[in-house]
Amino acid sequence: MKKYIFGLFFALISVAMFTACSADEGTDEGNDAKAQVTLYQYTVAKPYDADADTEVRVVANSATSEAYSLAESKESYESHIKELGTEGYNDYVVKNGEKVEGISGASNADKYYTGLSGDNVITVVAVGKGGMSSQSVSFKAIAWETVTTGTYYFGAASIKNVFGAASTTTTLQKATNVDGLYRFVSLFGNGNNMKFTLTGDEGSDKDGHYVICHIAAQSTGLQYGKYGDLGVRDVATWQNSSDYLANNVMYDNHICVFWNQYYVSAGNTGYGYDEFVPNN
């Protein structure tokens, strides 16, 4: 009986050791069975354009000797996958893509993809021990078309003081591949746009027919003294109440009236009615 118990004990120990080794495979540095990358995607900051540029962090395991990346339209990606299969597409990326600098063994590198348009797929292929493997992320670049130019008038004293003027000329653009999305180009200068969306709700008053708009919280790119970044949002967002949304409208002739609040992390800096008047 004693002999049986000792035999069982050592058998259990052996199973535990085998299980532990299998679980560690590919997770401990230097013990990876096959080259592999993990991708993390980030929204870019200035001076990059978040509408057309994206940042991807490539994290490689210890079995990876090098990595290659390729960004192409979703349509082209799907066509290549259908024609070549996953393994064939990995070869295609290595031959036609760019080598990711800084990847060798357990390592990571940040890569920026700029000037994209439409729906894109970004694929990174890891090359090394055990052959190749890949991972992909998608990115939808926003395409814009100009609606009109005009003058934007600021209502809150805080933005007038920081911006240095009570009004500015700007261009109103509409997204062609995102329903109901608009922007004022460089409204706050130096590529700092302001976006807004149509809610789909409509109405009319003495000035004509309009669509109700929503201005989500976003940065102006301006600094408010020692308080740092100055943000903008409509009062409805600030007060977390849709009751105020009707104060933000765009008329059929593209005149816009927004009840906007400007703020910093410490709190409110002021609010008022902004207005955009087209040139034509």
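Asparagine 90 counts as buried because its relative accessibility is 5%, where buried means under 20% relative accessible area, exposed means over 50%, and partly exposed lies in between (1.4 Å probe, protein chains only). The structure is a predicted model, in which local features need pLDDT of at least 70 and side-chain atom pairs count only at pLDDT 80 or more, whereas totals for chains, interfaces and linings use all residues. Residues are numbered from 1 along each chain as its sequence is written, and side-chain values use heavy atoms, with hydrogens and water left out.

Asparagine 90 belongs to helix 2, which covers residues 74-96; helices (H or I, at least four residues) and strands (E, at least two) are DSSP runs, numbered from the N terminus. When residues up to four places away in sequence are not counted, asparagine 90 touches Val125, Met132, Ser133 and Ser134, a contact being defined by heavy atoms within 4.5 Å. Although asparagine 90 and alanine 126 are 36 residues apart along the chain, their C-alpha atoms are separated by 8.8 Å.

For the protein as a whole, the mean pLDDT is 91, and 89% of the residues reach 70 or more, pLDDT being the predictor's confidence in each residue, from 0 to 100. Over residues 1-27, however, pLDDT stays under 50, and for this stretch the model has eight contacts beyond four places in sequence. The protein contains four helices and 17 strands, and of its 280 residues 39% are buried. Of the contacts between residues at least 6 apart in sequence, 59% join residues at least 24 apart.

The largest nonpolar core comprises 22 residues, and those with the most contacts inside it are Phe184, Phe188, Met194, Phe196 and Phe258; such a core is a set of buried Ala, Val, Leu, Ile, Met, Phe, Trp, Tyr and Cys residues joined through side-chain atoms within 4.5 Å. Two or more residues of this core are given by each of strand 10, strand 11, strand 14 (229-234) and strand 16 (256-264), and strand 16 gives the most, with four residues. Phenylalanine 184, with its neighbours within four places in sequence left aside, is in contact with residues including Tyr152, Leu172, Met194, Phe196, Cys256, Phe258 and Phe276. Apart from this core lies another, of 18 residues, among them Ala35, Val58, Ala60 and Ala67.

Most residues other than glycine have a negative phi, and most peptide bonds are trans. A cis peptide bond, with omega of about 10°, joins lysine 46 and proline 47, and proline 47 lies in the loop between strand 1 (37-42) and strand 2 (54-60).
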